[in-house]
Amino acid sequence: MTDVFMQAAIAQAKKSLAEGGIPIGSVLVIDGKIVGRGHNQRVQKGSCVLHAEMDCLENAGRLTAKDYKKAVLYSTLSPCDMCSGTVLLYGIPTVVIGENRTFQGPEEYVKSRGVQLVVQDNAECVQLMQDFIAAKPELWNEDIGE
């Protein structure tokens, strides 16, 4: 079964890669509809904070606390500390992660705070990141703060 929401996040990751950026994508879903899409734009915009999840939430615009409480955030890669903190701040109850093999954010902490994490171990997500890390390790290390 194809997960249309993860496929939308993967499309965002591929968009970032095509723009010369890091191939990570995200979508925010409320009531079965995508309300925000984003991709990592640190390279494209010279930003220190525009990870895919942050771009996605920015593109979703201002939402109510009630909206966030019923949202699902999809990300092709396990969210980092910054993006996980935003999930906690806004009370997003569920995060669907494409893969956490190439990078794993603070998943145990996020779960301890009551967030449901669903790790799909999606082969396409893994391949996107493995190929990118092999091709541009210095850019990847910059993105994760190493």
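What is the volume of the largest cavity? The largest cavity has a volume of about 60 Å³. This is a predicted model in which local features need pLDDT of at least 70 and side-chain atom pairs count only at pLDDT 80 or more, while totals for chains, interfaces and linings use all residues. Residues are numbered from 1 along each chain as its sequence is written, and side-chain values use heavy atoms, with hydrogens and water left out.

On a 1 Å grid over the protein atoms alone, a cavity is a set of points where a 1.4 Å probe fits but cannot get out, and a pocket is an open set with protein on both sides within 12 Å along at least five of seven lines; lining residues have an atom within 4 Å of a point. A volume is the space filled by probe spheres set on the points.

| Space | Volume | Lining by class |
|---|---|---|
| Largest pocket | about 260 Å³ | 10 nonpolar, four polar, six charged |
| Second largest pocket | about 160 Å³ | five nonpolar, one polar, two charged |
| Largest cavity | about 60 Å³ | seven nonpolar, two polar, one charged |

Here Ala, Val, Leu, Ile, Met, Phe, Trp, Tyr, Cys and Pro count as nonpolar, Asp, Glu, Lys and Arg as charged, and the others, Gly among them, as polar.

Of the 20 residues around the largest pocket, His-51, Cys-80, Phe-103, Asp-143 and Ile-144 lie nearest its centre. Helix H8 (137–143) gives the most to this lining, with three residues. Helices (H or I, at least four residues) and strands (E, at least two) are DSSP runs, numbered from the N terminus.

The second largest pocket has Tyr-68 and Tyr-90 among its lining residues, and helix H3 (residues 52–60) gives the most, with three residues.

The structure holds one cavity of 30 Å³ or more. Its lining includes Ser-78, Pro-79, Val-87 and Leu-117.

**A helix pair**

The axes (lines fitted to C-alpha atoms, for helices over the stretch in contact) of helix H1 (residues 4–18) and helix H7 (residues 123–135) come within 11 Å and cross at roughly 15°. H1 is therefore roughly parallel to H7, a term for angles under 35 degrees, on a scale from 0 to 180 degrees between N-to-C directions. In contact (heavy atoms within 4.5 Å), H1 residues including Met-6, Ile-10 and Leu-17 meet Glu-124, Cys-125, Leu-128 and Phe-132 in H7. The residues of this contact comprise seven nonpolar, one polar and two charged.

Notes
Angles under 35 degrees count as roughly parallel, over 145 as roughly antiparallel, 65 to 115 as roughly perpendicular and the rest as oblique.
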